[in-house]
Amino acid sequence: MTDAIVSVEDLRIQFPTQNGRETVKAVDGVSFSVQPGETFGIIGESGSGKSTLGRAVVCLQKPTEGRVLHHGTDPNSLPGADLRRRRREYQIIFQDPNAALNPRMTILRSVREPLDIIGTAPRVERERIALGMLDLVGLPAEFAARYPHELSGGQKQRVNIARVLTVRPKLIVCDEVVAALDVSIRAGILNLFADLQREFGLTYLFITHDLAVVSHVSSRIAVMYLGCFMELGPPEALLRRPLHPYTQALLSAEPIPLPSSMRTGQRIILTGEIPSPTNPPSGCRFRTRCRSAQDVCAAEIPTWREIEPGHFAACHFAGSATGTRS
Amino acid sequence: MNAADPLLTVRGLSVFFRAGLDVVQATSGVSFAIQPGERLGIVGESGCGKTVTGLALLGLLPRASSRVTGSAMFEGQDLISLSPGQLRRVRGRKISMIFQEPMSALDPVFTIGSQIGETIRTHFGVDRGAARRRAIDALASVGIPSPERVHDSYPHQLSGGMRQRAMIAIALVCEPRLLIADEPTTALDVTIQAQIIDLLMDLSARTGTALLFISHDLGVIAETCTRMITMYAGEVVEDAPVDAALVRPRHPYTSGLLRSLPRLSPRGAALPSIAGRVPSLRDMPAGCRFAARCHHALPDCDKAQTLSEVEAGHFVRCWRHDVLELPGALTDLERVA
Ligand SMILES: Nc1ncnc2c1ncn2[C@@H]1O[C@H](COP(=O)(O)OP(=O)(O)OP(=O)(O)O)[C@@H](O)[C@H]1O
Ligand SMILES: Nc1ncnc2c1ncn2[C@@H]1O[C@H](COP(=O)(O)OP(=O)(O)OP(=O)(O)O)[C@@H](O)[C@H]1O
Ligand code: SF4
Ligand code: SF4
Ligand SMILES: [Mg+2]
Ligand SMILES: [Mg+2]
């Protein structure tokens with residue numbers, strides 16, 4: 001579809017290793033597009049490339065190969081002023097609530113700062129917008145004069161959200177934005193993201209390693225492993241009928257707070273660890289930990305196929321009984 | 001000792017810290033008991049005193065800036081009044097502790113093998129060769145695939161999951177009666193977390209080691225423990241069998257924690273959250289510490305609350321426990337079924 005707010009086309013991002021002799025394939029051939037107003041969730045284990053992908057979407061990371069398009073155009077091909085405007089429309093919020101806050105600035109100044117940098121509106125107007133945003137994220141005016149160390153983690157994350165909202169973004173990459181917060185606080189922040197989406201028609205790229213969170217907020221979920229998507233689909237289908245063995249293992253590993261009598265099913269415990277992204281396994285990169293792996297899995301890279309409408313997977317056997325190749 | 005005697009009985013444990021000219025109280029009158037072989041969980045949000053409680057039991061808090069009152073009876077000795085020398089003999093031998101970040105407990109300049117061998121030689125007085133064999137066995141018993149290689153590796157050469165396994169091997173090599181595990185899987189990926197939980201459950205079943213499992217993750221506690229304690233602002237507010245606490249919590253805070261979990265709300269629906277924040281250590285209310293955030297608060301909640309037994313083995317610090325019908329971790333459908 002051409003009205004996608006973001007389309008990612010065969011994106012590859014590589015970094016040299018510390019000794020410079022090898023390359024880390026952080027993102028290794030990912031394609032997807034995000035429609036305006038949706039929440040696109042990305043789940044995956046540590047080092048799978050989620051943050052690198054998120055940074056590429058907001059132009060903080062240059063692709064090694066492939067493209068990231070904003071509304072069908074490559075932002076890096078735009079003239080300077082347009083690129084800057086475009087970059088304001090695509091924002092990112094990080095896990096650490098302290099990361100974007102200067103400990104020596106008042107909350108109000110931190111929230112106002114992005115507008116100060118643009119520098120077009122008069123100061124009173126910038127102040128007014130900043131106060132309005134603080135109010136919107138549930139922080140009363142008394143917080144404006146405080147400093148970050150006087151706020152809790154959840155309150156600081158609200159400040160970060162207010163700060164990003166001042167520049168009227170269209171899309172926000174939320175990179176583990178609730179991971180550092182307590183469960184009781186986490187719920188309030190997730191509700192806030194949902195309210196803001198309704199109010200401003202925001203689009204989110206929601207990156208997390210928390211399955212419960214990603215399934216609550218997302219309209220589609222992509223499962224990432226070693227720089228590639230393994231599966232992509234709407235949450236209902238992906239959670240009830242996961243097609244990829246990795247998704248199945250992730251779902252089964254999730255600890256669930258249910259009484260012992262109500263917990264069902266034998267847990268799939270993956271053996272081994274994630275291989276190094278400098279030298280991913282041949283064929284299917286999940287094969288070293290996959291219970292269903294066959295000879296073909298080492299020899300051939302599984303193609304990314306649409307198994308059911310809107311539900312994609314990269315496994316030779318997805319959608320067929322295990323053991324018989326589709 | 002008769003069979004019903006707890007392995008550890010903690011009574012009125014309070015931890016104080018010196019902060020500048022002031023003294024702040026991090027925990028107040030924490031009391032609980034662990035039976036031999038039992039797996040007890042402690043949940044509660046950041047800063048509620050979980051770690052401090054574990055450290056206090058082992059005398060690991062900074063001596064110069066902290067003070068501990070109360071008692072912790074373990075095999076006829078009060079851990080709180082033992083000398084540092086006596087505590088060293090208990091630590092590692094009878095009670096071990098593992099942490100969220102193994103790097104903080106492992107010494108970066110020594111190999112895994114020399115650290116585990118040190119523990120073995122200290123407690124058993126065996127020679128190097130015997131210690132090495134025992135260390136390699138211990139590493140193999142926690143599912144490390146090539147124990148000889150790991151034995152001769154430095155901590156930074158191992159992945160997070162392997163380091164956690166190595167720390168568990170060190171903690172369990174002397175077959176302690178109690179293992180205190182402080183967020184041992186929080187820094188790990190969910191598939192590695194599943195491996196470590198599996199390992200801990202298996203080891204505790206095999207060796208009869210009791211487990212004090214500290215975590216903010218209710219799912220992890222539900223899967224590993226048989227009892228759970230909920231802490232809030234330095235106090236125990238609920239102490240109950242896990243299944244009872246999940247199905248019918250009796251304290252509004254426990255209920256609130258469970259209800260805020262995303263799995264209980266339809267996708268996209270607003271999540272029940274607990275508004276407000278934990279009171280500061282310097283400004284603790286005299287009455288119920290949860291009152292400012294509690295939907296069920298009444299004027300009388302400003303009186304100090306005591307932990308009382310409301311059913312056999314189920315303790316709650318809330319005078320309204322009798323009249324409140326609080327939802328737990330089940331969806332409406334699951335509750336009917
Ligand atoms: N600037 C960089 N230089 C070198 N390597 C990098 C850089 N950024 C990321 N990497 C590597 O790329 C891989 C993917 O990293 P990334 O941070 O995107 O993963 P992630 O999925 O966000 O993980 P986490 O869940 O731990 O945040 C990792 O192996 C990482 O070490
Ligand atoms: N060495 C110390 N000096 C002063 N205060 C301390 C010290 N250690 C802990 N505290 C305080 O004691 C309280 C309890 O801390 P503790 O580390 O036990 O919390 P926790 O429940 O383990 O939290 P988390 O989930 O974040 O690990 C906190 O308010 C903390 O700031
Ligand atoms: S392609 Fe083979 S190894 Fe990969 S997930 Fe499918 S069955 Fe497993
Ligand atoms: S004592 Fe009152 S304020 Fe405290 S938990 Fe019970 S009902 Fe709520
Ligand atoms: Mg990341
Ligand atoms: Mg702690």
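A residue counts as near a molecule if one of its heavy atoms lies within 4 Å of it. This is a predicted model, in which local features need pLDDT of at least 70 and side-chain atom pairs count only at pLDDT 80 or more, while totals for chains, interfaces and linings use all residues. Residues are numbered from 1 along each chain as its sequence is written, chains are lettered from A and ligands numbered from 1 in the order in which they are written, and side-chain values use heavy atoms, without hydrogens or water.

I start with ligand 4. Among the residues around it are H251(B), C288(B), C294(B), H296(B), C301(B), C318(B) and R320(B).

Next, a sheet in chain A. Strands here are DSSP runs of E of at least two residues and helices runs of H or I of at least four, numbered from the N terminus; two strands pair if DSSP finds at least two bridges between them. Three strands of chain A form an open antiparallel sheet in the order 2-1-4. Its edge strands are strand 2 (23–34) and strand 4 (65–70) of chain A. Five bridges join strand 1 (residues 6–16) of chain A to strand 4 of chain A, and R12(A) stands opposite E65(A) in strand 4 of chain A.

Finally, the interface. With contact meaning heavy atoms within 4.5 Å, 42 residues of chain A are in contact with 42 residues of chain B. Taking a salt bridge as a side-chain nitrogen of Lys or Arg within 4 Å of a carboxyl oxygen of Asp or Glu, the rule finds two across this interface. R267(A) forms a salt bridge with E223(B), with the closest N and O atoms 2.7 Å apart.
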